[in-house]
Amino acid sequence: MHTLLITGPGGAGRTTVAAATALAAARTGQRVLLLSGDPGDPLAALVGEPTGQPVQVAPGLTAVPAGGVLVARVDSGEEFREELVALQERGSALLGMVGARPLGGEELTELPGAEQFALLRALRRAAGAPGVDLVVVDMPPLHQTVATLALPAQLRRYLARLLPAERQAARALRPVLAQLAGVPMPAQWLYEAAARWDEELAAVQAVVEAAGTSLRLVAEPGPGADAALRTGLLGLALEQLPVGGIVANRMVPQGSPDPWLAGLAAQQEKYAAQWAGDTPVLALGHLGRDPLGPDDLTRLPGAEALAPGVPAPASPARRAWPVEDRLAGDGVLVWVVALPGAHKGDLDLVRRGDELLLAAGPYRRIVPLPSALRRCTVSGAALADGELRIRFTPDPDLWPRRP
């Protein structure tokens, strides 16, 4: 199975492209699940009725026969209510001990951020659904997508820091203490909850980083989209999430006698060509109006090229950050962090123990240092040709002495 995540700057037409991609893939005989978190459910109107009889494979998810498309919408409000009610049930003894009164499902309204968690859980379920060849996900706007895809790894780090497994040394005594107190010990419940959360987050992270998952960005070529793409691509590079392609959307035809249209076409071609220098670009023509249904999506110039092949093409490899050994010549190790499109003013880094805090534009990521670099001190950094080269000098008190 291949999972295609479609995002882009706001207003770029990513929902239309997601629907057109699903239909194009279905026309090649693939069984397509089209996943959306938009509460307005615009995808169903664009795609129309699914082909064939859907088959239930998981709560809220169904699969269709070959050549069919099924739209599945993520209900973040219902997900939030179910999760919070279940959490209260698991901690009922603790809540009773402190005199708390649980909240009923009917009185719960979702909190900000619930959409991200619901979308990630739906993505994990969809990626494991049988009877599906391709999952197309209409993701949020690009900046929000970067934050959403980074969320599982970030939360797992927080759990590991706040509730480290080694703190459970006295776990064997907790059943005895629970019998004496008459209620489950809070620490035991908390660690068990953290273990469940970590397991689910790890499963979501595995889907995001899987070889069968790829990102496709949608943008209407122009200076505004170019700036938004540069920032978003920087965030994706910081998270080491490769981009499989860019859809240059709403391209107007060349050769118009109208000076305004000719100028717009030239501008679009200029920026599309710039983007193609680093990433494959698919051109999707302008219909002359907003697409209103599956027939309009089929008429979009270039829509047939949106479909991933069968079998699905390999996704770009997650780019590693290598460590160069330059001890013999310069007495340093160099960590090469690929950040295409970065400017010097975008970047900042801070060493914190065995971790490095990297900031690139509006994005931040804390990454563990490779083992060899943990015994070194940061001695400098330089940005050149889209690579941040961080120099590390061995600490003589920690580095093994050479004979």
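This is a predicted model: local features need pLDDT of at least 70, side-chain atom pairs count only at pLDDT 80 or more; totals for chains, interfaces and linings use all residues.
1. In what order do the seven strands of the open sheet run? The order is β5-β2-β6-β1-β7-β8-β9. Pairing in this sheet is parallel.

2. Neighbouring strands are turned against each other by 20° on average, with direction ignored.

3. One pair in detail. Strand β2 covers residues 32–36 and strand β6 covers residues 134–138. The two pair in the parallel sense, over five bridges. Within this pairing, Leu33 stands opposite Val135 in β6.

4. Helix α1 on the sheet. Helix α1 spans residues 14–27 and packs on the sheet. It touches β1 (2–7), β2, β5, β6, β7 (213–219), β8 (243–251) and β9. The direction of α1 makes about 170° with that of β6.

5. Helix α10 on the sheet. Helix α10, residues 259–276, also packs there. Its contacts are with β7, β8 and β9. The direction of α10 makes about 175° with that of β8.

6. The chain as a whole. The protein chain holds twelve helices and 16 strands. Of its 403 residues, 42% are buried. Among contacts with a separation of 6 or more, 70% link residues 24 or more positions apart.

7. Surface. The protein chain exposes about 20200 Å². Carbon and sulfur atoms supply 56% of that area.

Methods. Residues are numbered from 1 along each chain as its sequence is written. Side-chain values use heavy atoms; hydrogens and water are left out. Helices (H or I, at least four residues) and strands (E, at least two) are DSSP runs, numbered from the N terminus. Buried means under 20% relative accessible area, exposed over 50%, partly exposed in between (1.4 Å probe, protein chains only). Contact means heavy atoms within 4.5 Å. Accessible areas come from the Shrake-Rupley method with a 1.4 Å probe; for residues, only the protein chains shown count as cover. Two strands pair if DSSP finds at least two bridges between them. Axes are lines fitted to C-alpha atoms, for helices over the stretch in contact, and angles run from 0 to 180 degrees between N-to-C directions.
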